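Subject: Structure for you to look over

Hello,

The structure we discussed is below, with the sequence. My notes on what was found follow it.

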Amino acid sequence: MNRLISKNPTARHNYNIENTYEAGIVLSGTEIKSIRAGKVNLKDSYAIIKNGEVFILGMHISLYEHGNIFNKDPLRSRKLLLNKREINKLIGLTKQKGYALIPISLYFKGSIVKVELGIGKGKKLYDKRQELAKKDANKQIAINLKNKNR
């Protein structure tokens, strides 16, 4: 039973996600409390692989109000927990031209915070336009069918 905390609204809009991975994340106590309060933003975040470890950058976790000296920097890099085999696979995929590692969502799995990572290729502007036109056409069809059935 997964409980969604936050989604990256631009991930599927800007990238063709080909594969997804579930990763744990290393957090401090005050960060967990802020996440439980829903004060997290994935919008401009991305993941990198450095020295055989995966890190998430740009994920904003607001300061916990009652955290005083224990609060961490809201934009600090955070380590992701993956198997060595998965990391090696990701290294191979991200070295290919145009592929990036993007966090798609953050959720609770039981009491543990997990990150859904997607490996994807960046979309061109015309791809985004085609996708928006297709969505709009489908929406119009649904409205017309609904009105026709009345």
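The side chains of Glu22 and Lys109 form a salt bridge, with N and O 3.2 Å apart; the term means a side-chain nitrogen of Lys or Arg within 4 Å of a carboxyl oxygen of Asp or Glu. Glu22 sits in strand E2 (residues 15-25) and Lys109 in strand E8 (residues 99-109), so this pair links distant parts of the chain, 87 residues apart. Helices (H or I, at least four residues) and strands (E, at least two) are DSSP runs, numbered from the N terminus. Glu22 is partly exposed at 33% relative accessible area, and Lys109 is partly exposed at 39%. Here buried means under 20% relative accessible area, exposed over 50%, and partly exposed in between, with a 1.4 Å probe and protein chains only.

This is a predicted model, in which local features need pLDDT of at least 70 and side-chain atom pairs count only at pLDDT 80 or more, while totals for chains, interfaces and linings use all residues. Residues are numbered from 1 along each chain as its sequence is written, and side-chain values use heavy atoms, with hydrogens and water left out.

pLDDT is the predictor's confidence in each residue, from 0 to 100. The protein chain averages 86, and 99% of the residues score at least 70. Confidence is lowest in helix H1 (residues 11-14), with a mean of 82, and highest in strand E5 (residues 53-57), at 92.

The count of salt bridges is four. Among them is Glu31 with Arg76, whose closest N and O atoms are 2.8 Å apart. Glu31 lies in helix H2 (residues 29-36) and Arg76 in the loop between E6 and E7, so the bridge ties together parts 45 residues apart in sequence. Glu31 also meets Arg78 in a salt bridge, at 3.0 Å from N to O. Arg78 is in strand E7, 47 residues from Glu31. Shared partners join Glu31, Arg76 and Arg78 into one network. Glu31 is buried, with a relative accessible area of 4%, and Arg78 is buried as well, whereas Arg76 is partly exposed at 23%.

Asn71 is in the loop between strand E6 (60-61) and strand E7 (78-81) and is partly exposed at 22%. Beyond its neighbours within four places in sequence, Asn71 is in contact (heavy atoms within 4.5 Å) with Thr30, Leu63 and Tyr64. Ser6, in strand E1 (residues 2-7), is buried at 10%.

Regards
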